[in-house]
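Reader: I would like to go through the labels used for this structure. Take them one at a time, please.

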Amino acid sequence: MAVEKDLKAILRNLKYSDDAKVLAQISENTKLVHARMAGITHKLVVMSGKGGVGKSMTTVNLALAFARQGAKVGLLDVDLNGPCVPRMLGLHGQSLTMTPEGAIPPVGPLGMKVASMDFFLDDASPVRWKGPMDVSPVWLGLMEMNVIREFLADVVWGELDYLLVDLPPGAAADKPPVIAGFIPDLAGAIVVTTPSEVASDVVQKSVTYARDIGIKVMGMVENMSEYRCPSCGEVNELFEGNTEAMCEILDLPLLGRIPFDRKLARTFDKGEPLLDETYPTIQRYQEIAGRIRTLIDYKKVLADKL
Amino acid sequence: MKFVCLNCETYMNFEKVEKPGEGTLGVFFGCPSCNAKFSMVTNPGETQMVSSLGVKLGGRTVEAEPFEMTRGTLKDEALTGPSQMAAYLNEKIQGGQPAVAAATAPPAAKPGEKSSSGCPFSAMVAEMGLTSSGKPDNAGAALSEFAWSPDAKEKLDRLPSFVKPMVQSSVEAYARKQGYKTITLQVMDDSKNDSSNGTSWTPEAEKRLENIPDFIRPMARKEVERVAKERGMATITAQVMDDVKEKFLKFM
């Protein structure tokens, strides 16, 4: 009869070695992300717990605002299943150029570099993965996180002042805060909400979760604050909420309010974004970008002005 | 994943990987002491889980190409019929027999259980504390020992439901401390500037705080109060402001 072995005692005397080189490769992959991100001064993610609040519109316009202020800007759209940034910027149909040094991103308006899952998809094609586990949620989660890792490690961004990352919607135990955690030296997260109470409720949960995992939440942007009539210019409220009070409770600065602007939205829908910096809604994005810069330089501002 | 040779009480060494069939891997291990060999064979699902880590078992022999995994795994066209893994399981477990379709009818409500109307919005409305008319349900409002002026009450009622109790309690705590019986808009505004840790500010320090852009002023106020608390000071003076300024100059 075989002698019973005590596995715990055996393992105590053994030294682990990574002879299949799995850990070494995972560590190498992480180093690649760090190396690629090293040329980027400020990395910001734009997130929200709620879908449909206008994260992509906000991300794109903030990126354009930074570019308009003379900064070198990159925009990474990691909403893998609903990528829309290329279409908004008139880049739909273009693709990343694969080179031995990495993937060169297309350049959009105001010299902005853009990477998105959309560049891998045909018109009207959803993201579909091949293989035996194509419908397994566990595998899909793992797969998507590694696709995002490839976006961070393989795109040749070069030297940038700002990289803005448009995260997919989702609140707590979901991808967005985890994706943000992938990005080395992240300056922080900009949270987008609408004044709707339902949106506020979900958004505050995502702020709490992001903070729990150590992401610095920089401030809140209230989108769809009001509706500006394209005919008469009259402005009316769309929701009866109070984002200011939510920011107070969450101890977050309200970075600005953006009206629902049909004229501006249409230009992005057509892929011919309005770039006129004198346009009132664009001016609001410019102000928010200025406030984000102040927040990034928070310590300097306090040292200078106090 | 490691394997232990129980005879020799040592880890077995990874030796090589082979592909014995489509979608499967044979991973070979050998005991460095007794030279025993064995191979672990993965099913297609396990194979794909490993490849999704972005690693090659045994290490890479050629450099990874940009977006190697993304491009290699994106499906060109939709598969028709069941997925490969489902087909594999069907083959291995049910011998290729079609599985019995799951009942699609929703389960009946248990006796005594209130049956749902199925309307997703009614649950949402209830969660928001609204009545069927869309107006807030007063049952959600906390009873108050204070009289609220109509405009202050209206401002409070416009807050999101999860914020309202916190604001109400904070304003009332301030009013209690000040000996007020009625809460007006002015009291609400003043309560915002009330320091919860009992710190007071000299006019000169308050004036200097106004140099900070208004949207980050509350953050700056907290930072100054934190430094004062660390130093055991109950009043924010120009000296405390200088100390905070000095602290941040060190980061420049």
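**Salt bridges and the chain contact**

Author: Over all chains, the structure holds 17 salt bridges. The model is predicted.

Reader: Why is the pair A:Glu222 and A:Arg257 called a salt bridge?

Author: The closest N and O atoms of A:Glu222 and A:Arg257 are 3.1 Å apart. The cut-off is 4 Å, between a side-chain nitrogen of Lys or Arg and a carboxyl oxygen of Asp or Glu, so the pair qualifies.

Reader: What makes this pair a tie between separate parts of chain A?

Author: A:Glu222 lies in strand β8 (residues 217–228) and A:Arg257 in strand β10 (residues 254–260). The partners are 35 residues apart in sequence, so the pair ties those parts together.

Reader: How do you know whether A:Glu222 is buried or exposed?

Author: Its relative accessible area is 4%. Buried means under 20%, so A:Glu222 is buried.

Reader: And what is A:Arg257 called?

Author: A:Arg257 has a relative accessible area of 35%. That falls between 20% and 50%, so A:Arg257 is partly exposed.

Reader: Turn to chain B. Why do B:Arg71 and B:Glu65 count as a salt bridge?

Author: Their N to O distance is 3.6 Å. The limit is 4 Å, so the label holds. B:Arg71 is partly exposed, at 34% relative accessibility.

Reader: What makes B:Asp243 and B:Arg231 a salt bridge?

Author: Their closest N and O atoms are 2.7 Å apart. That is within 4 Å, so this pair is a salt bridge too. The pair links distant parts of the chain: B:Asp243 sits in helix α10 (residues 238–249), and B:Arg231 in the loop between α9 (217–230) and β9 (235–236), twelve residues apart. B:Arg231 counts as partly exposed, at 45%.

Reader: Which residues of chain B are linked in a network of salt bridges?

Author: B:Glu223, B:Arg226, B:Glu230 and B:Lys247.

Reader: How many residues does the contact take from each chain?

Author: It takes 70 from chain B and 72 from chain A. Together the chains bury about 6500 Å², with 68% of it on carbon and sulfur atoms.

Reader: How many salt bridges are there between chain B and chain A?

Author: Two. In one pairing, A:Asp19 and B:Lys2 have their closest N and O atoms 2.9 Å apart. The limit is 4 Å, so A:Asp19 and B:Lys2 form a salt bridge. Polar contacts between the two chains come to 18 residue pairs.

Reader: Which element gives the largest share of chain B's side?

Author: Helix α2 (residues 68–73) of chain B, with six residues. By class, that side of chain B has 39 nonpolar, 16 polar and 15 charged residues.

Methods. Residues numbered from 1 in each chain as written. Chains lettered and ligands numbered in written order. Predicted model: local features only at pLDDT ≥ 70, side-chain atom pairs only at ≥ 80, totals over all residues. Heavy atoms only, no water. Helix = DSSP H or I, 4+ residues; strand = E, 2+ residues; numbered from the N terminus. Buried < 20%, exposed > 50% of the residue type's maximum accessible area, 1.4 Å probe, protein only. Contact = heavy atoms within 4.5 Å. Buried area = accessible area lost by both parts, 1.4 Å probe. Polar contact = N/O pair within 3.5 Å; in protein donor to acceptor, adjacent residues only side chain to side chain. Nonpolar A, V, L, I, M, F, W, Y, C, P; charged D, E, K, R; others polar.
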